[in-house]
Amino acid sequence: MRKSKLEISDEMKKARLQLSIEHYIKYFIGKRACELTKEEALYAISLAVREFAMDELYNTMARYNKKSSKRVYYLSIEYLIGRSLENNLHNLGLYKILKEIKIKDFPDFSLEEIFDTEYDPALGNGGLGRLAACYLDSMASLGIAGFGYGINYQFGVFKQKFENGWQVEQADDWVSDFSPWELARPDRKITIPLYGHVETYRDASGKDTYVWTNTHILYGVPYDFPIVGYNGKSVNYLRLFSAKTDDEFDIDIFNNGGYIEAVEDKIKTESISKVLYPSDAIEAGKALRLSQQYFFVSCAIQDILRRFLEKNNDFKKLPTSVCIQLNDTHPALAIAEMMRLLIDTYGQEWDDAWDIVTKVFAYTNHTLLPEALETWPAKYFSIMLPRHLQIIYEINRRFMEFAREKFGDNSEKLAKVSIVSGEGDSQILRMANLSIVGSFSVNGVAKIHSELIKSSLVPEFYELWPEKFTNITNGITPRRWLLHANTYLASLISDKIGKDWVAHLELLEKLADFADDEEFVHKFSKIKKINKEILRQEIYKRSNVALSTKSMFIVQAKRIHEYKRQLMAILQVIGDYLAIVRDHARPICPKTYIFAGKAAPSYTFAKLVIKLINNVANIVNNDPLVGDTLKVAFIPDYKVSVAEVLIPAADLSLQISTAGFEASGTGNMKFALNGALTAGTYDGANIELREAVGKENFFLFGLKEEEIKKMRPTYNPRHIYETSEYVKRILNAVNSNMFCEGENPTLFKPIFDELLNRDYFFVLADLEAFDKAIKKAEKTYLDQNKWIKMAIKNVAKMGYFSSDRAVREYATKIWHVDVPGDELSYEELEERQSA
């Protein structure tokens, strides 16, 4: 039989892939195949797959250059990219081909065992980093010339372990071994000045010029990670910088007895790219954070301008060639840095430079917490970044002249929009204000979030520039979070509706037709059980907690923070436990509560919540009166590879933040895409998720943002404690030694006191409503046929929440770049989505 071109192509890929693997085993690993370890097999396969990725990377860059494509640069302080091999195999179309390859004398390792040896790059911590990774995936998959910039952290945030229930932070040295996906680019090294002082000179024309002199010099060495788009048609890259010094070792100092001093400069310099979010509880930590952020943006902006100047010499063309997206306020200094380079290095006049900058930058806000909007003491800038301080002062002076034209002498409004606040040593610089003033676009990440930005967070800026503000609801990549993470469900979906959904998630809508198909419902249910069994084994391995897959898996996996209200979830568990042991009232159905997430090292209260969860788990899991009716597990060291096991197994997803505090959230989308129902508040993207899946398929509870705002001035949590027997006995249990026997009997009193005397995040106000929502979910879960049909409808309605849709919106509304193959206007796309 004559073979098709596609079959011949696959055969050629198979032959090449096998030869490449054999080559790397022999010449890179330097072993016979039979001697390989799993880690060595991972390296050999990864290097072979990287060849395919690099071929497409070169082809992609040539295509962009030929078309003179406008480039999008995404600046983010963190990226949670996850493991690369399996994801790249899927996107390059090599996954099935690799499974067919048989190498002589290759050890009897399964592919899954090899994949599991890949270490997650410790380049991020939470939703901000994972969103950035999803958007890079979508830009590559859509053929957009989009590239990420960030820091190549050696240790990332930290590796989380539990000792006697307490979170313990350990260094996460993920780069101690060779990474096959990391490509060093020492020829693109960037020079970064710090410290020193600014001297002012007047040239022959009488114009003042500024020279930043006597600086300390460090270097940023770039490392590129290929970002493979779906079907391998486009491969972009993520460029991360490591801090280096010119003087690795001062032999003269060493020979004179200065053994530590000889490497002191190297240690100080390289600390900049050691750890993500160094603790700012001490002055040295704050200074390190500022130097880290400046290092990052200076590397990025210098690299962007270098590339632009390879093809152009007219900076007025920069806005038509480049768009820079600031992912939150961490990269805000990029605005001042580009001004410095344009004026001091390239001789642009201020007005021309500012016109360019304000047409290049766009800013995404990710928080409604005023205290989370980054600020810096001006005194730090005067020491570390004196030229940037001058530039920010001048930006603010000119901006305030503009603001006065609008606000007159309204001192309250002027004070709120000023980039500079305070006087003398207490003067601070507001990075969110700088981001808004220096950007042509400001977007929120969910409909309610974007409205609250305009009405509550920065209403004065909205009054100045209403045209700047827009909304783009977050999204997630279906390649990572369904095709890769849940291969059983992905295969079932493809068997029913074809494979096009991977690139067009709106096609999942067709699954709604199968919600009453008994065979499909049965297969869907079976896959959920398989995924729960995989998670059960993983939790036993990591936490030594034995779970029953017959129980309802209730999951809350996210960064530990008071507004995310993990505390409320464990209080509800305590309520159930007390009902069992005191009232002999068992839950409607067996339940397992699964927590995952990290608390910032200096966030004492959040770490105490982790301790409470672990102590409650220890009591509940070992009480014979409880048995399998109620279990609690906390998975340590949550990261992408853990999420890929956890999310497909969840029955019920907890999205229970205090209304008005969560900007969007993307965990809600990942869980729903994998067939979990949601118990959630009227907050962030929960609102749009509920609208999409139908209110009958979502367990809504709790106060709304406007209700909390109205209640806050007179809110009295102690009154709830005194009038609710349910709340009172839970808090009394927390305040007793029930969950800290043998330890400090007042261990959890700070939690008790916080809830009774302040309860800023309205935990007690929502606790009983949350319990009722859980009880409603339990009752629904008993009817498994109904539950699975609801889960199928959740999956079917997730098309809107694709990061491909979100990136298309960025491309049309903000970046003004073409999406190859998209011939519809944004308005037409919006109409089609609405329909």
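How many disulfides does the structure hold? The structure holds zero disulfides, a disulfide being a pair of cysteine sulfur atoms within 2.5 Å. The model is predicted: local features need pLDDT of at least 70 and side-chain atom pairs count only at pLDDT 80 or more, whereas totals for chains, interfaces and linings use all residues. Residues are numbered from 1 along each chain as its sequence is written, and side-chain values use heavy atoms, with hydrogens and water left out.

View A. Buried denotes under 20% relative accessible area, exposed over 50%, and partly exposed in between (1.4 Å probe, protein chains only).

**View B. Helix 3 is mostly covered.** Helices (H or I, at least four residues) are DSSP runs, numbered from the N terminus, as are strands (E, at least two). Helix 3 spans residues 85-92, and eight of its eight residues are buried. Among them are Leu85, Leu89 and Leu92, as well as Glu86 and His90.

**View C. Helix 23 packs with helix 30.** The angle between helix 23 (residues 604-621) and helix 30 (residues 749-757) is about 115°, and their axes are 10 Å apart. Axes are lines fitted to C-alpha atoms, for helices over the stretch in contact, and angles run from 0 to 180 degrees between N-to-C directions. Phe605, Leu608 and Leu612 of helix 23 make the contact with Pro750, Ile751 and Glu754 of helix 30, where contact means heavy atoms within 4.5 Å.
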